[in-house]
Amino acid sequence: MAQVKEGNFVFPGDVVEGADTLNSLRLGPGLVYRNNGTEERICATRAGVLCTAPKHTFYQDFRQKRYIPSLNDHVVGQIVSRNADGYRVDIGSAHSAQLNGLAFENVTRKSKPNLAVGSLVYARVSLADKDMEPELECVDATSGKAAGFGELKGGYLIQNISLSHVRSLLQSSNVLLSSIGTHIPFEIALGLNGRIWVNSGSIQTTVAIANAIKQSEYKSPEECTELIHAILKTL
Amino acid sequence: MSSKLMSMKFMQRAQGSTGSDTAESASAKHIQNDEHWTLPGVNVITQKKQSKNIEYESGYSSFLAIDRPNYSGRASFGLFNKALEPARADAEGSDVKKGSDEDSEDDETTERERRKREGKSGKKHGETRSVTNSPASTRGSGKKRKSSELTHDVISLDSSQSKKVHKNKHKKKRK
């Protein structure tokens, strides 16, 4: 199965080795191709771990809290206002996003969902451009079904999580959420904009889960297990 | 040799390069030396050639999909939200059903066989049809059912109850 490989930690200005001989490359966040006529090289622009992926793909994984909308990102947003077309949603980016009132599953002009100002939604970024305000949809791109998108009722929103921490929670190798799930039943929505929504049976368990997520950013899997046991003891 | 001679076509052909490009660049260089400031010792680059084909990805969503092709940031643990855990909920539901079926297995198989027989060939010599002749089904599927009528749809093992339902059979036509 195709895997992403994590390499060395690189600093801004470091040259990526191994990419010089390739003619066709895919560069992700943090890497740029510089050509000053005499010399061509691929440089890192941020301090982070250099990762490689199949099909000559290189990118950097660095710690960042500021969210810049990107196409097909799954985000947690809060409705700020309503307009004729739909809703304005705050996703933590420089500009508010626009969510069309018809961008939901099984909706017609007569049966639109009625979301209140201040409610939370889990949506997918359908348009992300530096010159236009971002747009959201609450349907899956390929199937047209809800697929987990839509209004998030109740629960608690954890803000100000670093984007790299959220991405690490989304990986299949991460065991934090499944370990908590064996002790406490809960549901979660991970937003790539640095926001996580958690809902469980009581306020105490919700706060415990939120604390576990916040404190587990720099911990190894074994330390995460110890952290979960310590937090469960407080319940 | 003068630059004018060098820019002539037969001289360019002898050197092996295209005549027009070098003539243009020579004339351009001529103009540049007179009017434009240039650094001595640095070759003027007229065209930046990009030998590599570079694609840029602005976000991480495609890289997350490598690890988990159909990833969704929404998840539920411990059956908190059954809609998000359909596989586990169905498996647990079917286990519960199996446990209750074990006791009345023999009766249900006979009832199932009776329903199958009735379903295939229709009414047979006055046989009771406790499920299909209930008032709820005779009225049609579009209307709401009353709570009292729902009990008639339950598989009736008691023959006396099924006879009670049978009373209304002639009053209302089945649609």
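Four strands form an open sheet in the order 13(A)-15(A)-14(A)-2(B), and their pairing is antiparallel. The model is predicted: local features need pLDDT of at least 70, side-chain atom pairs count only at pLDDT 80 or more, and totals for chains, interfaces and linings use all residues. Residues are numbered from 1 along each chain as its sequence is written, chains are lettered from A in the order in which they are written, and side-chain values use heavy atoms, with hydrogens and water left out.

Strands here are DSSP runs of E with at least two residues, and helices are runs of H or I with at least four, numbered from the N terminus. Two strands pair if DSSP finds at least two bridges between them. Strand 13 (156-158) of chain A and strand 2 (74-77) of chain B stand at the edges with a single partner strand each, so one side of each is left without a neighbour in the sheet. From one strand to the next, the twist averages 20°. Strand 13 of chain A pairs with strand 15 of chain A over three bridges, in the antiparallel sense. Within chain A, A:L157 stands opposite A:W197 of strand 15.

Axes are lines fitted to C-alpha atoms, for helices over the stretch in contact, and angles run from 0 to 180 degrees between N-to-C directions; contact means heavy atoms within 4.5 Å.

| Helix | Lies across | Angle |
|---|---|---|
| Helix 2 of chain A | Strand 14 of chain A and strand 2 of chain B | about 160° to strand 14 of chain A |
| Helix 3 of chain A | Strand 13, strand 14 and strand 15 of chain A | about 150° to strand 15 of chain A |

A nonpolar core is a set of buried Ala, Val, Leu, Ile, Met, Phe, Trp, Tyr and Cys residues joined through side-chain atoms within 4.5 Å, where buried means under 20% relative accessible area with a 1.4 Å probe, protein chains only. The largest such core has 27 residues, and A:I188, A:I196 and A:I213 have the most contacts inside it. Helix 3 of chain A supplies the largest share of this core, five residues. Not counting residues up to four places away in sequence, the residues that A:I188 touches include A:L177, A:I196 and A:I213, as well as B:R74 and B:F77 of chain B.

Methods:
Buried means under 20% relative accessible area, exposed over 50%, partly exposed in between (1.4 Å probe, protein chains only).
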